[in-house]
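The entries below record what I looked up, in the order I looked.

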2 protein chains.
Amino acid sequence: MTFVGSSRLLPTAPRNARGQALDIIRQKIITLELAPGSQLSENELAGQLGLSRTPVRESLILLAEEQLVSVVPQVGTLVSPIVEAEIATSQFVRESLELAALSEAVYMVDAAQLAGLNALIAEQRVADERDDTELFFALDEQFHFALMNISQHGSAWRTVSQAKAHLDRARRLSLSLTQQMSTLIDQHQSIVDAVARGDSGAATDALRRHLRKVFDDIALIRAARPELFAPATPTRRR
Amino acid sequence: MTFVGSSRLLPTAPRNARGQALDIIRQKIITLELAPGSQLSENELAGQLGLSRTPVRESLILLAEEQLVSVVPQVGTLVSPIVEAEIATSQFVRESLELAALSEAVYMVDAAQLAGLNALIAEQRVADERDDTELFFALDEQFHFALMNISQHGSAWRTVSQAKAHLDRARRLSLSLTQQMSTLIDQHQSIVDAVARGDSGAATDALRRHLRKVFDDIALIRAARPELFAPATPTRRR
DNA sequence: ATACAAGTACTGCCATACAAGTACGCAAGT
DNA sequence: ACTTGCGTACTTGTATGGCAGTACTTGTAT
């Protein structure tokens with residue numbers, strides 16, 4: 001597993017044990033390697049990661065704040081099930097913030113930033129050709145961050161990224177992500193083109209269409225396989 | 001100090017030591033009882049609160065994630081200075097989310113919700129007459145939460161509340177909060193009136209004006225006393 | 001008086017031990 | 001067969017000790 005494009009903003013690797021544990025566990029939850037509803041154990045995770053309970057426990061507390069796990073005292077820690085309401089909230093947060101940032105960004109973008117965005121799109125085309133969804137997810141994260149960074153509100157990315165994590169996790173339920181990559185990349189291009197033209201309305205429209213597509217794809221998954229959402233009974237470990 | 005209207009949504013008191021420590025420390029930071037830039041110590045806080053270092057440390061980790069403190073390994077934990085960029089980001093997040101939620105809320109509000117909002121405004125008038133700023137802060141928090149809760153996005157309040165915490169802390173630098181309460185309450189009334197009329201544009205305009213006033217007040221403080229923002233040297237404890 | 005270096009007293013980080021509480025299985029009694 | 005009660009094996013919560021690294025202090029030499 002590569003941690004390129006992890007949610008942690010600074011690419012500098014987390015030098016302490018807690019940072020390592022947080023990144024690894026978080027990534028495993030988002031990629032569904034740790035199934036929604038499954039039970040975790042501080043002790044077991046500590047053993048697997050070769051750490052003591054302390055940094056693992058601190059990571060789980062942070063993940064609970066992010067709503068990715070829920071800790072029940074004296075009972076256990078559960079990977080949060082994928083709940084429609086949570087997805088809708090994440091979509092609302094992400095959409096509101098990205099759109100508001102982009103509407104300002106149109107008036108302050110420079111040539112270097114546009115070139116950077118186009119370069120990311122080119123890399124995404126490569127990822128598409130290789131059917132490398134992991135690479136695409138990482139580049140997608142970079143693209144949306146770069147877009148938001150044009151305005152002065154790049155430091156709000158932390159908030160957006162947390163919302164995006166819930167949406168990405170739900171997206172991974174889809175079996176055929178590879179078929180949608182080219183559409184998503186085209187939408188990326190439409191956004192950048194509108195920004196380059198200085199057309200604020202077209203840019204926000206294009207971004208809204210893009211984000212709504214992601215959300216609608218999740219709705220399609222839910223329609224096809226409702227059992228994947230909000231599993232009623234938590235999965236016990238043994 | 002009363003914890004009515006603390007940031008924790010559920011009024012159910014935190015039953016474990018970490019929850020207590022988190023609420024107390026957080027409140028002391030927001031109310032400036034713990035000065036921006038001042039140094040904290042896990043040991044010292046644990047002693048003051050009558051707890052061990054563990055729950056205190058876990059609280060500080062959560063506060064660091066919220067950007068209210070910054071932890072420097074082997075050096076110390078500092079209460080975050082009030083930095084203009086951080087304020088601007090918080091304003092951006094709060095404004096974007098509250099406005100987006102309100103624009104939807106106008107079409108789904110019912111009579112009971114309007115009555116609840118007006119009741120909160122009435123309470124705020126009382127707080128104004130008594131010059132009780134602490135009560136007003138609590139009621140203000142309740143009002144904005146109730147407003148956001150009309151739409152289906154009440155669960156995004158957690159995010160808004162974290163941004164609002166930074167703005168509230170900066171607001172407390174102002175010496176004359178009592179003189180502004182009546183204006184703020186009038187603006188609350190304008191928002192509710194517009195929502196009651198079903199006038200989406202007027203409602204969002206009124207809310208934007210309201211939130212911008214809060215932001216502009218902070219800018220005035222900064223203009224008058226720039227030394228309160230981003231203190232260059234951290235305050236050592238002895 | 002100044003520069004420098006060793007000492008010392010802190011810091012947060014991590015590991016570990018113990019405490020409190022819950023869930024489940026199994027056995028005894030009805 | 002079913003219910004009930006207890007024991008056991010887990011769970012997270014909290015306390016504490018030791019470690020490594022930083023900053024300030026103090027003594028010494030220049």
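**Entry 1. Ground rules.** I take domain bounds from an automatic or database domain assignment. This is a predicted model, in which local features need pLDDT of at least 70, side-chain atom pairs count only at pLDDT 80 or more, and totals for chains, interfaces and linings use all residues. Residues are numbered from 1 along each chain as its sequence is written, chains are lettered from A and ligands numbered from 1 in the order in which they are written, and side-chain values use heavy atoms, with hydrogens and water left out.

**Entry 2. Domains of chain A.** I looked up the division of chain A and found domain 1 at 17–80 and domain 2 at 84–225. Between the C-alpha centres of domain 1 of chain A and domain 2 of chain A I noted 27 Å. Their contact (heavy atoms within 4.5 Å) takes 11 residues from domain 1 of chain A and 9 residues from domain 2 of chain A.

I then checked the record. A UniProt annotation from an unreviewed entry, "domain: HTH gntR-type", covers residues 15–82 of chain A; such annotations may be inferred rather than shown by experiment. I read helices (H or I, at least four residues) and strands (E, at least two) as DSSP runs, numbered from the N terminus. Residues 15–82 of chain A are 51% helix and 15% strand, with 31 Å between the end C-alpha atoms.

Entry 3. For domain 1 of chain A and domain 2 of chain A I have about 860 Å², with 60% of it from carbon and sulfur atoms. On the domain 1 side, Ile30(A), Leu32(A) and Glu66(A) lose the most area, together 48% of what that side buries.

Helix H1 (residues 17–30) of chain A gives the largest share of the domain 1 side that touches domain 2, 3 residues.

**Entry 4. Between the chains.** How many residues does each chain bring to the contact between chain B and chain A? I found 25 from chain B and 25 from chain A. The two chains bury about 2200 Å² between them, 59% of it on carbon and sulfur atoms. In chain B, Ile61(B), Glu65(B) and Phe92(B) supply 27% of the area buried against chain A, more than any other three residues.

**Entry 5. Charged pairs.** Side chains of opposite charge can pair when their charged atoms come close. The structure holds 41 salt bridges over all chains, and the rule finds 4 across the interface of chain B and chain A. I looked up Arg57(B) and found a salt bridge with Glu58(A), the closest N and O atoms being 2.7 Å apart. Helix H3 (53–65), helix H4 (84–105) and helix H7 (157–171) of chain B each supply at least two residues of the side that touches chain A. H4(B) gives the most to that side, with 8 residues.

I also noted a salt bridge between Glu65(B) and Arg158(A), at 3.1 Å from N to O. This pair runs from helix H3 of chain B to helix H7 (residues 157–171) of chain A.

Terms used
Buried area is the accessible area (1.4 Å probe) that two parts lose on being put together, summed over both. A salt bridge is a side-chain nitrogen of Lys or Arg within 4 Å of a carboxyl oxygen of Asp or Glu.
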